[in-house]
Amino acid sequence: MLVDVITRDRKSGLPVRDFKKEDFRLFDNGHELPITTFDAGARYDTRAITLWLVVICNEGGLPKFGASAEFLGEESLLRPALDHLEAHDRVGVAHWCDNGDSRIDLLPTEDRDKAIGKLAETLKPIPFEGGTSESDEAGEQAFRKLIRLIIRDAYGRNPTPLPAIVFLHGDHTGQPHGKLNKLVDDFLETSGIAFGIRDSRSPNLHFIIGEQAKIMHYIAKHTGGEYFSVPPVEYENALEAILMQLHYRYELGFIPPAIDGKRHELRVELKQAVTAEHKGVRLRYRPEYIPVREQPEWAH
């Protein structure tokens, strides 16, 4: 199993690039495990990244703020940040919709301009107008299907990249708790990390009866990612911050003590002497994982 660890210096806000394998400790359900492999982004030996720009359809009848419509016409603001991708990284575009549609619009490519062009096409308004319980349920199903399509794409590539999803969405959305947790399980059984960028003018959604609200924040938290709330002039900086975190991450490999298909609590920490030397450094990583003997059927 691999766990991606993102570091941040409290004072500078930048990643710490000089940690070594022996600086870390890793725990599974409270029991320390040996770290068997170690890669560092500063040495360019971590897995390549597939960056996914993901949006929801720009439906008729919806307010401008709260979904993805606020990114329409602002796509070019993200383009400079893509120059910070490494040569072996790729970028793809995908969407889901409350009419039940979920689709990879652009397979991962090294063409940064093509990705922004496709994103602009994907954000164009469509005639469908939802707002019913049926369309809400169709959208929830389409969202779950899309996430699995993205993970499946990674498994179909050799070598397998790290799929990094960036939701361009205000996260004014929810999912039933049980189905959302099953979706998180899919992440925890495989590999992937989720981030998000929302327009700071988007309304906040704190509660939905019977559902988990702000599901993209929820997925980001459970995969070790982060959600940014910024005005459009900061879109580029937010995406650059995401790419910096990904490129200078550490990958710790370990052998699970049991292949039981259950959630295991993960804890990664710095050794005491290292913590004393690097005061205020924060580590972010997925807090759980699920050890499985082979890839789930849907990932093939």
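**Exercise 1. How much space lies in the second largest pocket, and which residues are closest to its centre?**

Solution. Begin with the term itself: on a 1 Å grid over the protein atoms alone, a pocket is an open set of points with protein on both sides within 12 Å along at least five of seven lines, and lining residues have an atom within 4 Å of a point. A volume is the space filled by probe spheres set on the points, which are joined across faces, edges and corners. For the second largest pocket this space is about 310 Å³. Of the 21 residues in its lining, M1, L2, E189, T190 and S191 are the closest to the centre. Strand β1 (residues 2-8) gives the largest share of this lining, three residues, where strands (E, at least two residues) and helices (H or I, at least four) are DSSP runs numbered from the N terminus.

The model is predicted, with local features needing pLDDT of at least 70 and side-chain atom pairs counting only at pLDDT 80 or more, while totals for chains, interfaces and linings use all residues. Residues are numbered from 1 along each chain as its sequence is written, and side-chain values use heavy atoms, with hydrogens and water left out.

**Exercise 2. Describe the lining of the largest pocket by position, element and class.**

Solution. The largest pocket has a volume of about 480 Å³, and among its 24 lining residues I56, D98, D136, H172 and T173 lie nearest its centre. Two or more lining residues come from each of α3 (133-155) and β11 (174-176), and α3 supplies the largest share, four residues. For the classes, Ala, Val, Leu, Ile, Met, Phe, Trp, Tyr, Cys and Pro count as nonpolar, Asp, Glu, Lys and Arg as charged, and the others, Gly among them, as polar. Sorted in this way, the lining holds ten nonpolar, nine polar and five charged residues.

**Exercise 3. How many cavities of 30 Å³ or more are there, and which residues line them?**

Solution. A cavity is a set of grid points where a 1.4 Å probe fits but cannot get out, and the count comes to two of 30 Å³ or more. The largest cavity, with a volume of about 80 Å³, is lined by G41, Y44, D45, T46, R47, I49, E86, H88, D89, H247 and R249; by class, these are two nonpolar, four polar and five charged residues. The second largest cavity has a volume of about 40 Å³, and its lining consists of I56, C57, N58, E59, L62, P63, A67, S68 and A69, which divide into six nonpolar, two polar and one charged.
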